[in-house]
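Morning, everyone. I have one structure to walk through. Please look at the model first.

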Amino acid sequence: MGSKNKSLQTTNYKLQTIFLGKERDYFIENLSMLVAAGMPILGVLDSIAKELRSRRMKKILALIREYIESGSPIWKALQTTNLFADHTISLIRLGEESGKLTENLKVVANEQEKNRVFHSKLRSAIMYPVFVLSLTVIIGVGIAWFILPKLALVFAQLKITLPLITKILIGSGTFLGEYGQYVVPAAVIAISVIFFFIFSFPKTKFIGQFILFSLPGVKQLIKEVELARLGYLLGTLLDAGLPVTQALNSLASATEIAPYKKLYKHLRDSVEDGNPFRKSFISFKRTNHLIPEPIQQLIVAGEQSGTLSATLLKIGETYEAKADTTTKNLTVILEPILLVIVWLGVVAVALAVILPIYSLIGGFNANQPAAAQPPPAEEQVISPPPSVETTAPDTETVEVIPPPDTEIIEKKPTTLRVLPTSVGYLNVREKPSLTSKIVTRVKPGETFEYTEKNESWYKIILPDGNSGWVFEKYVEENE
């Protein structure tokens, strides 16, 4: 009964180890340092428990202490908590049984630190473009949701023909204005679910890895990080005395990239069957795509010369430095690409807003009256010298001495005489505007009756009975 309760308790603690990455790293670092200082293991656990803030981690340490007090070895107590990977437990067990627990705990602490470094390199390469693009999308949705619907009302009242890009943008804004409270949360949830299944869900995350492997800069970074992990982890495990098959199995469980996991498992099975690394590399189809041929030759040479662990550690150092350089270069390359993407979005919004405004201004200019515009050159008049015969006041009253019992009558002119022009004729237009249609032409000296005056234009009666408009600068009123 007691063993059953203890088994259930162990299962509960295994469930509690989720999201304890930082506490786990803190525990193994301090465990390696305090054990190396000669402190008893129970005292080490009590000292670490006092510094921890996580209640779950304190409960796990209490369980480890309980196992050790009951006579279990350290590796067995750590294994029951599921706090570390199998290869880590194997290292601790190997160190405890061989009397090198302090050295192997330092190896485990260094391995945890390297894993954090490798993961941070991949995250930093991916998070920067994801953050910039997400911020751009959020700002774009905010503009479309809150600003464009009001702009749509303004354009609708103006009753002008909108460009296609404006129609698309206004339509999106109107749709978000009506259904945004439902569409935006649904879109966020859908995108989150898609990203989870593509990049995190164990059975489908190979899709996301395939996408990342298709990106030139990211593909290079992933390859360098994995080669650095291969060199450091495999070299460290072999140097600590772990068998090569167990070390390869630990390497396969440590990586999250599916192609490399398949390669490591193939190498494990092939080496377990008695094959050397050269034959194991050749029997896997995609070895050259995952591990460059010079690196394969180095591993084969290290195996043949008995310096495999040292060779792998050197490979790890080399590719860790390369991964640092690639991470920096990738960020520099992505910055202008992201700026161009953001710039295209800004230009699209600006064009959608500015183009209708230009159309509106053009419509206003077309509707303005053209009567006050200066006459074209073809209708300019060479003014004759002033004389009594060619000049006359606009209206002139002639005094007549009437006979007895006769009233004084004011006589007003009702005819116009065409003045000389530089082209020898004067255009008669359909409407009082220089842009209006020309109905006929009249010659200088001809006289016509006029029936109406509109600002600078006279409406005259033509010989055929029709009427038209002439500009006042090229005519004068007759008596």
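Which residue follows α5, and is its phi positive or negative? It is Asn-82, with a positive phi near 60°.

Some ground rules. This is a predicted model, where local features need pLDDT of at least 70, side-chain atom pairs count only at pLDDT 80 or more, and totals for chains, interfaces and linings use all residues. Residues are numbered from 1 along each chain as its sequence is written, and side-chain values use heavy atoms, leaving out hydrogens and water.

Back to α5, residues 74–81. Helices here are DSSP runs of H or I, at least four residues, numbered from the N terminus. In α5, 6 of the 8 residues are buried, meaning under 20% relative accessible area with a 1.4 Å probe, protein chains only. They are Ile-74, Trp-75, Ala-77, Leu-78, Thr-80 and Thr-81.

Next, Ser-250. This residue sits in helix α12, residues 244–254. Ser-250 counts as buried because its relative accessibility is 2%. Its side chain reaches the backbone oxygen of Gln-246 at 2.9 Å. Leaving aside residues up to four places away in sequence, Ser-250 touches His-87, Leu-233, Leu-237 and Leu-242. Touching means heavy atoms within 4.5 Å.

Now the surface. Leu-133, Ile-333, Ile-337 and Ile-341 form a nonpolar patch, with about 330 Å² of accessible area together. Helix α17, residues 308–367, gives the most to that patch, with 3 residues. Patch members have over 30% relative accessible area and no salt bridge, and nonpolar side chains are joined within 5 Å. Ile-341 belongs to α17. In an α-helix there are 3.6 residues a turn, so residues three or four places apart point the same way.

Methods:
Patch = residues over 30% accessible without salt bridge, like charges linked within 9 Å, V, L, I, M, F, W, Y side chains within 5 Å. Areas by Shrake-Rupley, 256 points an atom, 1.4 Å probe, with all protein chains shown as cover. Salt bridge = Lys/Arg side-chain N within 4 Å of Asp/Glu carboxyl O. Helix = DSSP H or I, 4+ residues; strand = E, 2+ residues; numbered from the N terminus. Buried < 20%, exposed > 50% of the residue type's maximum accessible area, 1.4 Å probe, protein only. Polar contact = N/O pair within 3.5 Å; in protein donor to acceptor, adjacent residues only side chain to side chain.
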